[in-house]
Amino acid sequence: MAKLFVVAAAAFAAATSFLPTGSFAQDQPQPGTSCPVDHDRLADILKKSVKPGGGPSNGGLDNNEWAAVVNRQGIVCAVAYSGSKIDDQWLGSRAIAAEKANTANAFSLKDKAIATANLYAGAQPGGFLFGAALGNPPSPEALYAGTPEQFGTSHDPMVGKPIGGTIVFGGGLALYDGNGIAGALGVSGDSSCADHNVAWRVRHQLGLDRVPAGVSPNMKDAIIYDIGPDGKSPSGFGHPKCNGKEDQIAVDLGAGVSGNVVR
């Protein structure tokens, strides 16, 4: 009988060794998957990149913001916010930030980056990416797991899970280190144009902006403000202007280009 128990226990151990790590530790990235950014670094740089945290204006409402990072496998690595408490920024933007990160990662390649802002024009009716916003639906179970007290902390329930989602307006950027694409960053909580500016600042401060190429020839994955009064984008990758000075700040920052710069 003792011998049978030992054999059964060994068989169980062997079987469970093939189960996904997330079955036992769903709040942490799985072993073997690298994460380009951790929570504390993301939160620190995010605070320094928005006006309420003592950073520069980004041209929109100058709200506090959410930020999320996924690795190349689409697993959420970190979620953070810039305010002092969870409701200092739009509560709905936590999910949008994560989905922006997922989108930028999913549509970028080793040799060419596409920001979420670059997807806007193509995703409109008649565009070559129409319907893309409905692809890769987000996981409600991952988005709303845990308790609000954990949201935006190092123990955010989204961490360690694939989140999904496709967002086709500004605020999501792929992350590139010296070896290529390492994942992506999503920022949300202001106008989509301001979100793009904040994401651009954060990526630069993280040292993960070694973008090889993109659909914006001069600025790679910069936001392209070339949508005319007729609603059309000559480049095919344009984004509408917002109501503030976001477009001016983007050009000064190197995060945006006007229509006459794009071929």
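Figure 1. From the N terminus on, the elements follow the pattern α-α-β-β-α-α-β-β-α-β-α-β. The chain has six helices and six strands. This is a predicted model. Its pLDDT averages 89 over the chain, and 86% of the residues score at least 70. Of the 263 residues, 50% count as buried. Now take the contacts with a separation of 6 or more: residues 24 or more positions apart account for 71% of them.

**Figure 2. The buried residues of helix 2.** Helix 2 spans residues 39-48. Its buried residues are His39, Leu42, Ala43, Ile45 and Leu46. An α-helix has 3.6 residues a turn, so residues three or four places apart point the same way. What do the buried residues of helix 2 pack against? Their partners are strand 1 (66-71), strand 2 (76-81), strand 4 (180-188) and helix 5.

**Figure 3. Helix 2 against helix 5.** Two packed helices are described by the angle between their axes and the distance between the axes. For helix 2 and helix 5, the angle is about 125° and the axes are 9 Å apart. The two helices are therefore oblique to each other. Their crossing is right-handed. Helix 2 brings Arg41, Leu42, Ile45 and Leu46 to the contact. Helix 5 brings Val198, Val202, Gln205 and Leu206. By class, the contact of helix 2 with helix 5 has six nonpolar residues, one polar and one charged. Leu42, Ile45 and Leu46 also belong to the buried residues of helix 2.

**Figure 4. Helix 5 against helix 6.** Helix 5 covers residues 192-206, and helix 6 covers residues 246-253. They pack at an angle of about 20°, with their axes 9 Å apart. Why is helix 5 called roughly parallel to helix 6? Angles under 35 degrees count as roughly parallel, so an angle of about 20° makes helix 5 roughly parallel to helix 6. The crossing of helix 5 and helix 6 is left-handed. On helix 5, the contact residues are Cys193, Ala194, Asn197, Trp200 and Arg201. On helix 6, they are Glu246, Ile249, Ala250 and Leu253. The contact of helix 5 with helix 6 divides into six nonpolar, one polar and two charged residues.

**Figure 5. Gln248 in helix 6.** Gln248 sits in helix 6. Is Gln248 buried or partly exposed? Its relative accessibility is 47%, so Gln248 counts as partly exposed. Gln248 and Asn58 are 190 residues apart along the chain. Their C-alpha atoms are separated by 9.5 Å.

**Figure 6. Two loop residues with positive phi.** Most residues other than glycine have a negative phi. Asn136 has a positive one, near 50°. Where is Asn136? Its place is the loop between helix 3 (93-106) and helix 4 (140-143). Asn136 counts as partly exposed because its relative accessibility is 44%. Lys220 also has a positive phi, near 65°. Lys220 lies in the loop between helix 5 and strand 5 (223-225). With 33% relative accessibility, Lys220 counts as partly exposed.

Terms used:
Residues are numbered from 1 along each chain as its sequence is written. This is a predicted model: local features need pLDDT of at least 70, side-chain atom pairs count only at pLDDT 80 or more; totals for chains, interfaces and linings use all residues. Side-chain values use heavy atoms; hydrogens and water are left out. Axes are lines fitted to C-alpha atoms, for helices over the stretch in contact, and angles run from 0 to 180 degrees between N-to-C directions. Helices (H or I, at least four residues) and strands (E, at least two) are DSSP runs, numbered from the N terminus. Angles under 35 degrees count as roughly parallel, over 145 as roughly antiparallel, 65 to 115 as roughly perpendicular and the rest as oblique. A crossing is left-handed if the near helix is turned anticlockwise from the far one by less than a right angle, and right-handed if clockwise. Contact means heavy atoms within 4.5 Å. Ala, Val, Leu, Ile, Met, Phe, Trp, Tyr, Cys and Pro count as nonpolar, Asp, Glu, Lys and Arg as charged, and the others, Gly among them, as polar. Buried means under 20% relative accessible area, exposed over 50%, partly exposed in between (1.4 Å probe, protein chains only). pLDDT is the predictor's confidence in each residue, from 0 to 100.
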